Amino acid sequence: MTSKLNTIAEWLKQEQIDFCFLTNPDSVFYVSGFLSDPHERLLGVGIFQSGDPFLVCPSMEKEDAKKAGWGYDIIGYTDIENPWPLIHKLCNDRTKSLEKIAIEKEHMNVERYELIGSLFSQATFLPAEEKLRKLRMVKSESEIATIREACALADYAIEVGCSEIAEGKTELEVLAAIEYELKKKGVSEMSFSTMVLTGQNGASPHGNPGLTIMKKGDLVLFDLGVVVDGYCSDITRTVALGDISEKQKEIYDTVFKAQAAAIEASKPGVTCQSVDLTARNIISAAGYGEYFPHRLGHGLGISVHEYPSLTETNTLLLEEGMVFTIEPGIYVPGVAGVRIEDDVLVTSNGVEILTKFPKELQIIR
Ligand code: MN
Ligand code: MN
């Protein structure tokens, strides 16, 4: 078994859980190496205390799963077959007791929960999420190497964006140019819908790019990420198109300082809370506290938002090998929206910044 499958089997033994059924595609990829978007169809990995695990996937994906390295049983099913009785039978063949079953409660929908509850009518169902979160939070060397590649491509995307922006172009025009250049480099998927926001749109933390035209004196905010072999990057840069106002500069400088201080404060043994507050206090002291309405950052990896969550209340300690974003922002309606976001890796005594595009205010002429 892969080390990740083994770790879960060990956990099942420790907790005396008979069976674990993972159905979140990100978790399935994490433990099996098989990356698949099943849409509404069932995809899952079943793991026991001892004995081989199994994979459930649509029949048409069986070969892809084998190519991805899955060497155990696969329950394939067509669009007119029901995989659940097959799962139930295989479980009964593999293990005597099926009293405690761990499932991903956050992911499983009510219909499936009712189904699994009626098939395994003697069982109690426990959440598997906490264990998965903990495992996924600390990255392996190979995961880090993949995230590095994703970050380098995110840097490149920002470089393209900066070279494309010009007075008279629309947000979507620049966005399309960025994604076109990435596709030429073999990027097939972004971590989330790319954001290119200008003018008033930039003052919304999660705006929608559209046909707004770029003008001199505007800030342009890029927020994007690239997926490489199933792992995400996530970067934000805010640049100026021509000269900007003193107020806009002051907001930029405040975010810049807050971001730098939070990076400086990040190291093993400090809480997520203290890192968030390091940035938040700087922004509040400058008078913009109410304009920073979100957490400082989030873990990233297979999912673009995972653990740890860098909020002002999370007392979780940072550990070597964690990868997360540091992304303070200030959004003042009618004035400016500025966010600066980097992806960092916790090292033995601090953090390494994985996204490297310059952060000093860039004024594009
Ligand atoms: Mn982010
Ligand atoms: Mn982002």
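This is a predicted model: local features need pLDDT of at least 70, side-chain atom pairs count only at pLDDT 80 or more; totals for chains, interfaces and linings use all residues.
How far apart are the manganese ion (ligand 2) and the manganese ion (ligand 1), and which residue coordinates both? The two ions are 3.2 Å apart, and Asp234 coordinates both.

Take the manganese ion (ligand 2). Its protein donors come from Asp223, Asp234 and Glu341. Along the chain, the donor residues follow the spacing D-x10-D-x106-E. Asp223 sits in strand E8 (residues 218–224), while Asp234 sits in the loop between strand E10 (231–232) and strand E11 (235–241), so the pair ties together parts that are 11 residues apart in sequence.

Are these two aspartates buried or exposed? Asp223 has 5% relative accessibility and counts as buried. Asp234 is buried too, with a relative accessible area of 3%. Both count as buried because their values fall under 20%.

The largest pocket has a volume of about 360 Å³. It is lined by 21 residues, and those closest to its centre are Met195, His206, Asp223, His305 and Glu327. The lining as a whole divides into 7 nonpolar, 8 polar and 6 charged residues.

Now step back to the whole chain. The domain assignment gives domain 1 (3–136) and domain 2 (141–364). Their C-alpha centres lie 35 Å apart. The contact takes 7 residues from domain 1 and 8 residues from domain 2.

A few backbone details complete the tour. Tyr307 and Pro308 are joined by a cis peptide bond, with omega about 5 degrees. Pro308 has its place in strand E13 (residues 306–310).

Two loop residues deserve a look as well. Gln16 is not a glycine, yet its phi is positive, near 55 degrees. Gln16 lies in the loop between helix H1 (3–15) and strand E1 (19–22). At 57% relative accessibility, it counts as exposed. Asp229 is not a glycine either, and its phi is positive at about 45 degrees. Asp229 lies in the loop between strand E9 (227–228) and E10. With a relative accessible area of 58%, Asp229 is exposed.

Conventions:
Residues are numbered from 1 along each chain as its sequence is written. Chains are lettered from A and ligands numbered from 1 in the order in which they are written. Side-chain values use heavy atoms; hydrogens and water are left out. Donors are N, O and S atoms within 2.8 Å of the metal (3.2 Å for Na, K and Ca); water is not among the atoms, so sites may look incomplete. Helices (H or I, at least four residues) and strands (E, at least two) are DSSP runs, numbered from the N terminus. Buried means under 20% relative accessible area, exposed over 50%, partly exposed in between (1.4 Å probe, protein chains only). On a 1 Å grid over the protein atoms alone, a cavity is a set of points where a 1.4 Å probe fits but cannot get out, and a pocket is an open set with protein on both sides within 12 Å along at least five of seven lines; lining residues have an atom within 4 Å of a point. Grid points are joined across faces, edges and corners, and a volume is the space filled by probe spheres set on the points. Ala, Val, Leu, Ile, Met, Phe, Trp, Tyr, Cys and Pro count as nonpolar, Asp, Glu, Lys and Arg as charged, and the others, Gly among them, as polar. Domain bounds come from an automatic or database domain assignment. Contact means heavy atoms within 4.5 Å.
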